[in-house]
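Biologist: I'd like to go through this protein with you and find out where the descriptions come from. Can you show me the model?

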Amino acid sequence: MPRWRALPEELEPEIREFVRQLRGVVDRGGLSVSDVAERTGTPRADWVRYLDGRQPPPRAAVAALARAAGVSAAHLTAMGDGAAAAWAHRAERGDGPPGTPGDGARSGRRRRAVLAAGAGGALLLVAAAVLLARPGSSDAAPRTSASARSAGRSARPAPPPGVRCTADGCMGRDPETAGCAAKAVTTARGTAGDVLIEVRYSADCRAAWAWMVGADPGSQVSVSAHGHSARATTGRGGGATTPMVTVPGTPGTATACGTTARGAQGCAQPLATPVPVGSPGAGA
(Lines give C-alpha, C1' and ligand atoms only; values in the text may rest on other atoms or scores of the structure.)
Protein backbone atom coordinates (compact mmCIF):
# COMPACT_ATOMS: atom_id res chain seq x y z
CA MET A 1 0.00 0.00 0.00
CA PRO A 2 1.21 3.56 -0.62
CA ARG A 3 2.77 5.53 2.19
CA TRP A 4 1.11 8.90 1.97
CA ARG A 5 2.88 12.20 2.47
CA ALA A 6 1.50 14.59 5.08
CA LEU A 7 -1.03 16.97 3.54
CA PRO A 8 -0.06 20.69 3.41
CA GLU A 9 -1.23 22.67 6.45
CA GLU A 10 -2.79 25.40 4.31
CA LEU A 11 -5.10 22.94 2.59
CA GLU A 12 -8.80 23.89 2.83
CA PRO A 13 -10.95 21.52 4.96
CA GLU A 14 -13.06 20.39 1.98
CA ILE A 15 -9.96 19.47 -0.01
CA ARG A 16 -8.25 17.81 2.95
CA GLU A 17 -11.25 15.56 3.72
CA PHE A 18 -11.75 14.69 0.04
CA VAL A 19 -8.10 13.67 -0.39
CA ARG A 20 -8.33 11.56 2.76
CA GLN A 21 -11.38 9.82 1.30
CA LEU A 22 -9.52 9.15 -1.97
CA ARG A 23 -6.56 7.72 -0.07
CA GLY A 24 -8.89 5.56 2.01
CA VAL A 25 -10.48 4.10 -1.13
CA VAL A 26 -7.04 3.28 -2.53
CA ASP A 27 -5.90 1.72 0.76
CA ARG A 28 -9.03 -0.35 1.32
CA GLY A 29 -8.83 -1.64 -2.26
CA GLY A 30 -5.23 -2.75 -1.70
CA LEU A 31 -4.16 -0.69 -4.70
CA SER A 32 -0.90 1.04 -5.54
CA VAL A 33 -0.87 4.38 -7.35
CA SER A 34 0.31 2.52 -10.47
CA ASP A 35 -2.70 0.18 -10.13
CA VAL A 36 -5.00 3.18 -9.89
CA ALA A 37 -3.46 4.75 -12.98
CA GLU A 38 -3.81 1.54 -14.99
CA ARG A 39 -7.41 0.86 -13.96
CA THR A 40 -8.65 4.44 -14.44
CA GLY A 41 -6.74 5.27 -17.61
CA THR A 42 -5.29 8.41 -15.98
CA PRO A 43 -1.47 8.86 -15.86
CA ARG A 44 0.26 7.91 -12.63
CA ALA A 45 1.88 11.36 -12.36
CA ASP A 46 -1.59 12.94 -12.33
CA TRP A 47 -2.79 10.60 -9.56
CA VAL A 48 0.27 11.47 -7.48
CA ARG A 49 -0.77 15.13 -7.64
CA TYR A 50 -4.42 14.29 -6.87
CA LEU A 51 -3.55 12.11 -3.88
CA ASP A 52 -1.10 14.69 -2.52
CA GLY A 53 -3.79 17.39 -2.63
CA ARG A 54 -1.91 19.47 -5.18
CA GLN A 55 -4.44 19.32 -8.00
CA PRO A 56 -8.21 18.62 -8.28
CA PRO A 57 -9.00 15.34 -10.05
CA PRO A 58 -11.58 15.40 -12.85
CA ARG A 59 -14.99 14.04 -11.92
CA ALA A 60 -14.56 11.22 -14.45
CA ALA A 61 -11.31 10.14 -12.80
CA VAL A 62 -12.98 10.04 -9.37
CA ALA A 63 -15.82 7.93 -10.73
CA ALA A 64 -13.32 5.61 -12.44
CA LEU A 65 -11.44 5.15 -9.15
CA ALA A 66 -14.69 4.26 -7.38
CA ARG A 67 -15.47 1.63 -10.02
CA ALA A 68 -11.94 0.23 -9.85
CA ALA A 69 -12.15 -0.09 -6.06
CA GLY A 70 -15.70 -1.46 -6.12
CA VAL A 71 -17.28 1.37 -4.10
CA SER A 72 -20.20 3.72 -4.74
CA ALA A 73 -19.22 6.73 -6.82
CA ALA A 74 -22.07 9.01 -5.63
CA HIS A 75 -20.61 10.00 -2.27
CA LEU A 76 -17.06 10.34 -3.61
CA THR A 77 -18.02 12.52 -6.59
CA ALA A 78 -20.24 14.72 -4.37
CA MET A 79 -17.30 15.33 -2.05
CA GLY A 80 -15.15 16.00 -5.11
CA ASP A 81 -17.57 18.71 -6.25
CA GLY A 82 -17.23 20.47 -2.90
CA ALA A 83 -13.45 20.17 -3.01
CA ALA A 84 -13.40 21.49 -6.59
CA ALA A 85 -15.23 24.60 -5.41
CA ALA A 86 -12.56 25.12 -2.73
CA TRP A 87 -9.83 24.72 -5.37
CA ALA A 88 -11.64 27.31 -7.52
CA HIS A 89 -11.71 29.78 -4.60
CA ARG A 90 -7.99 29.17 -4.10
CA ALA A 91 -7.38 30.02 -7.76
CA GLU A 92 -9.52 33.18 -7.49
CA ARG A 93 -7.36 34.32 -4.57
CA GLY A 94 -4.27 33.80 -6.71
CA ASP A 95 -2.92 30.98 -4.56
CA GLY A 96 -0.90 28.27 -6.25
CA PRO A 97 -1.03 24.54 -5.58
CA PRO A 98 -1.00 23.80 -1.83
CA GLY A 99 2.40 23.09 -0.35
CA THR A 100 4.42 24.86 -3.05
CA PRO A 101 7.06 27.46 -2.10
CA GLY A 102 5.09 30.08 -4.00
CA ASP A 103 2.30 30.04 -1.40
CA GLY A 104 4.46 31.56 1.32
CA ALA A 105 6.10 34.00 -1.07
CA ARG A 106 2.75 35.22 -2.34
CA SER A 107 1.48 35.63 1.21
CA GLY A 108 4.59 37.63 2.07
CA ARG A 109 4.16 39.85 -0.95
CA ARG A 110 0.51 40.45 -0.09
CA ARG A 111 1.41 41.40 3.49
CA ARG A 112 4.12 43.79 2.26
CA ALA A 113 1.67 45.31 -0.23
CA VAL A 114 -0.90 45.87 2.53
CA LEU A 115 1.70 47.51 4.77
CA ALA A 116 2.88 49.74 1.92
CA ALA A 117 -0.68 50.75 1.12
CA GLY A 118 -1.28 51.59 4.78
CA ALA A 119 1.84 53.74 4.93
CA GLY A 120 0.86 55.54 1.74
CA GLY A 121 -2.62 56.19 3.12
CA ALA A 122 -1.16 57.67 6.30
CA LEU A 123 1.00 60.08 4.28
CA LEU A 124 -2.03 61.19 2.27
CA LEU A 125 -3.97 61.89 5.47
CA VAL A 126 -1.11 64.03 6.81
CA ALA A 127 -0.93 65.97 3.55
CA ALA A 128 -4.68 66.55 3.61
CA ALA A 129 -4.53 67.84 7.17
CA VAL A 130 -1.79 70.34 6.22
CA LEU A 131 -3.81 71.64 3.27
CA LEU A 132 -6.96 72.04 5.35
CA ALA A 133 -5.07 73.99 8.00
CA ARG A 134 -4.05 76.71 5.54
CA PRO A 135 -5.81 80.10 5.95
CA GLY A 136 -8.76 80.62 3.65
CA SER A 137 -9.37 76.96 3.02
CA SER A 138 -12.97 75.75 3.14
CA ASP A 139 -14.15 73.16 5.64
CA ALA A 140 -17.09 72.14 3.46
CA ALA A 141 -15.18 69.29 1.85
CA PRO A 142 -14.45 67.39 5.10
CA ARG A 143 -18.09 67.61 6.16
CA THR A 144 -19.23 66.29 2.78
CA SER A 145 -16.74 63.43 2.95
CA ALA A 146 -17.91 62.44 6.43
CA SER A 147 -21.53 62.53 5.27
CA ALA A 148 -20.70 60.35 2.31
CA ARG A 149 -18.93 57.84 4.54
CA SER A 150 -21.91 57.74 6.88
CA ALA A 151 -24.28 57.26 3.96
CA GLY A 152 -22.11 54.44 2.64
CA ARG A 153 -22.24 52.65 5.98
CA SER A 154 -26.02 52.90 6.15
CA ALA A 155 -26.49 51.82 2.51
CA ARG A 156 -26.11 48.12 3.25
CA PRO A 157 -29.30 46.40 2.04
CA ALA A 158 -31.59 45.23 4.82
CA PRO A 159 -32.92 41.66 4.59
CA PRO A 160 -36.47 41.25 3.19
CA PRO A 161 -39.40 41.30 5.63
CA GLY A 162 -39.57 38.11 7.67
CA VAL A 163 -35.94 37.16 7.02
CA ARG A 164 -34.08 37.23 10.34
CA CYS A 165 -30.49 36.53 9.27
CA THR A 166 -28.07 36.64 6.37
CA ALA A 167 -24.75 34.95 5.55
CA ASP A 168 -22.68 34.18 8.66
CA GLY A 169 -25.56 35.26 10.90
CA CYS A 170 -27.50 32.23 9.66
CA MET A 171 -24.84 29.69 10.59
CA GLY A 172 -26.37 26.93 12.74
CA ARG A 173 -29.88 28.42 12.72
CA ASP A 174 -33.12 26.69 11.75
CA PRO A 175 -34.23 27.77 8.23
CA GLU A 176 -37.93 27.89 9.15
CA THR A 177 -37.66 30.04 12.27
CA ALA A 178 -35.06 32.29 10.60
CA GLY A 179 -37.45 33.00 7.72
CA CYS A 180 -35.13 31.49 5.11
CA ALA A 181 -37.36 28.64 3.91
CA ALA A 182 -40.12 30.79 2.38
CA LYS A 183 -38.41 31.37 -0.99
CA ALA A 184 -35.96 28.47 -0.91
CA VAL A 185 -34.96 26.48 -3.97
CA THR A 186 -33.71 22.91 -4.30
CA THR A 187 -30.18 22.94 -5.80
CA ALA A 188 -29.34 19.22 -5.50
CA ARG A 189 -31.28 15.97 -5.08
CA GLY A 190 -30.46 12.33 -4.50
CA THR A 191 -31.39 9.24 -2.55
CA ALA A 192 -30.01 6.94 0.12
CA GLY A 193 -31.78 3.69 -0.66
CA ASP A 194 -35.36 4.84 -1.20
CA VAL A 195 -34.99 7.93 1.04
CA LEU A 196 -35.03 11.37 -0.59
CA ILE A 197 -32.23 13.86 0.18
CA GLU A 198 -32.15 17.49 -1.00
CA VAL A 199 -29.98 20.58 -0.67
CA ARG A 200 -32.09 23.68 -0.20
CA TYR A 201 -30.78 27.21 -0.63
CA SER A 202 -32.06 30.69 0.24
CA ALA A 203 -30.73 33.61 -1.80
CA ASP A 204 -32.17 36.05 0.76
CA CYS A 205 -30.21 34.40 3.57
CA ARG A 206 -27.21 33.27 1.49
CA ALA A 207 -27.36 29.93 3.30
CA ALA A 208 -28.18 26.28 2.58
CA TRP A 209 -29.40 23.24 4.50
CA ALA A 210 -30.12 19.55 3.88
CA TRP A 211 -33.57 17.96 3.95
CA MET A 212 -34.41 14.25 4.26
CA VAL A 213 -37.82 12.56 4.11
CA GLY A 214 -39.20 9.02 4.15
CA ALA A 215 -36.54 7.58 6.44
CA ASP A 216 -36.72 5.34 9.48
CA PRO A 217 -36.07 7.03 12.84
CA GLY A 218 -32.38 7.36 13.55
CA SER A 219 -31.36 8.08 9.95
CA GLN A 220 -28.90 10.94 9.49
CA VAL A 221 -28.41 13.68 6.92
CA SER A 222 -25.68 16.32 6.70
CA VAL A 223 -24.90 19.45 4.66
CA SER A 224 -21.45 20.88 3.90
CA ALA A 225 -20.24 24.12 2.31
CA HIS A 226 -16.99 26.09 2.44
CA GLY A 227 -15.52 24.19 5.39
CA HIS A 228 -18.69 24.22 7.51
CA SER A 229 -21.17 21.40 8.06
CA ALA A 230 -24.36 20.62 9.97
CA ARG A 231 -26.17 17.38 10.74
CA ALA A 232 -29.68 16.22 11.70
CA THR A 233 -31.28 12.91 12.74
CA THR A 234 -34.78 11.80 11.74
CA GLY A 235 -37.46 11.25 14.36
CA ARG A 236 -40.70 9.31 14.25
CA GLY A 237 -42.02 11.26 11.29
CA GLY A 238 -39.13 10.10 9.09
CA GLY A 239 -38.04 13.62 8.16
CA ALA A 240 -35.11 15.81 9.14
CA THR A 241 -33.84 19.30 8.36
CA THR A 242 -30.29 20.34 9.24
CA PRO A 243 -29.30 23.74 10.61
CA MET A 244 -28.00 26.16 7.98
CA VAL A 245 -24.47 26.71 6.70
CA THR A 246 -23.33 29.90 4.98
CA VAL A 247 -22.95 29.81 1.18
CA PRO A 248 -21.30 33.12 0.23
CA GLY A 249 -20.69 32.24 -3.41
CA THR A 250 -22.34 29.95 -5.94
CA PRO A 251 -25.42 28.16 -4.49
CA GLY A 252 -24.39 24.84 -6.03
CA THR A 253 -21.30 24.55 -3.82
CA ALA A 254 -23.35 23.12 -0.93
CA THR A 255 -23.50 19.31 -0.77
CA ALA A 256 -25.66 16.90 1.25
CA CYS A 257 -25.28 13.21 2.09
CA GLY A 258 -27.30 10.81 4.22
CA THR A 259 -27.17 7.41 5.88
CA THR A 260 -30.40 5.59 6.69
CA ALA A 261 -30.99 3.59 9.85
CA ARG A 262 -30.75 0.48 7.66
CA GLY A 263 -27.28 1.44 6.44
CA ALA A 264 -28.05 2.76 2.96
CA GLN A 265 -25.91 5.73 1.93
CA GLY A 266 -26.27 8.38 -0.75
CA CYS A 267 -25.67 12.00 -1.67
CA ALA A 268 -27.63 14.70 -3.46
CA GLN A 269 -26.46 15.48 -6.99
CA PRO A 270 -26.52 19.06 -8.37
CA LEU A 271 -29.54 19.98 -10.49
CA ALA A 272 -28.97 21.72 -13.80
CA THR A 273 -31.56 24.34 -12.77
CA PRO A 274 -32.62 25.02 -9.16
CA VAL A 275 -36.27 24.16 -8.49
CA PRO A 276 -38.44 26.27 -6.16
CA VAL A 277 -39.40 24.31 -3.06
CA GLY A 278 -43.07 23.41 -3.18
CA SER A 279 -43.31 23.37 -6.98
CA PRO A 280 -44.16 20.07 -8.78
CA GLY A 281 -41.32 17.60 -8.41
CA ALA A 282 -39.51 19.72 -5.84
CA GLY A 283 -40.38 17.75 -2.73
CA ALA A 284 -42.52 18.90 0.19
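Biologist: How many nonpolar, polar and charged residues are in the lining of the largest pocket, by class?

Modeller: Keep in mind that this is a predicted model. The lining of the largest pocket has 17 nonpolar, 18 polar and 4 charged residues.

Biologist: Which residues lie nearest the centre of the largest pocket?

Modeller: Those are E17, H75, M79, S224 and C257, out of a lining of 39 residues. The space in this pocket comes to about 860 Å³.

Biologist: What gives the most to the lining of the largest pocket?

Modeller: That's α5, with 10 residues. Among the other elements that give two or more residues are α1 (13-28), β4 (220-225) and β8 (255-259).

Biologist: Let's turn to the helices. Why are α2 and α4 called roughly perpendicular?

Modeller: Helix α2 (residues 33-40) and helix α4 (residues 59-69) pack at an angle of about 105°. Angles from 65 to 115 degrees count as roughly perpendicular, and therefore α2 and α4 get that label. Their axes are 9 Å apart.

Biologist: Which residues of α2 and α4 make the contact?

Modeller: On the α2 side, V36, R39 and T40 take part, and on the α4 side, A61, A64, L65 and A68. By class, that contact of α2 with α4 has 5 nonpolar, 1 polar and 1 charged residues.

Biologist: Now for the loops. Why does A167 count as buried?

Modeller: Buried means under 20% relative accessible area. A167 has 16% relative accessibility, so A167 counts as buried. You'll find A167 in the loop between α7 (140-154) and β1 (185-192).

Biologist: And what makes R206 partly exposed?

Modeller: The cut-offs again: buried is under 20%, exposed is over 50%, and partly exposed is in between. R206 has a relative accessible area of 38%, so R206 is partly exposed. This residue sits in the loop between β2 (195-202) and β3 (207-213).

Biologist: What is the phi of A167, and what is the phi of R206?

Modeller: For A167, phi is near 50°, a positive value in a residue other than glycine. For R206, phi is also near 50°, again positive and again in a residue other than glycine.

Biologist: Last one, on the protein as a whole. How many helices and strands are there?

Modeller: The protein has 7 helices and 10 strands. Of its 284 residues, 38% are buried.

How values were computed: Residues numbered from 1 in each chain as written. Predicted model: local features only at pLDDT ≥ 70, side-chain atom pairs only at ≥ 80, totals over all residues. Heavy atoms only, no water. Axes fitted to C-alpha atoms, helices over the stretch in contact; angles between N-to-C directions. Helix = DSSP H or I, 4+ residues; strand = E, 2+ residues; numbered from the N terminus. Parallel < 35°, antiparallel > 145°, perpendicular 65-115°, else oblique. Contact = heavy atoms within 4.5 Å. Nonpolar A, V, L, I, M, F, W, Y, C, P; charged D, E, K, R; others polar. 1 Å grid on protein atoms, 1.4 Å probe; cavity = no way out; pocket = protein on both sides within 12 Å on 5 of 7 lines; lining within 4 Å. Points joined across faces, edges and corners; volume = space filled by probe spheres on them. Buried < 20%, exposed > 50% of the residue type's maximum accessible area, 1.4 Å probe, protein only.
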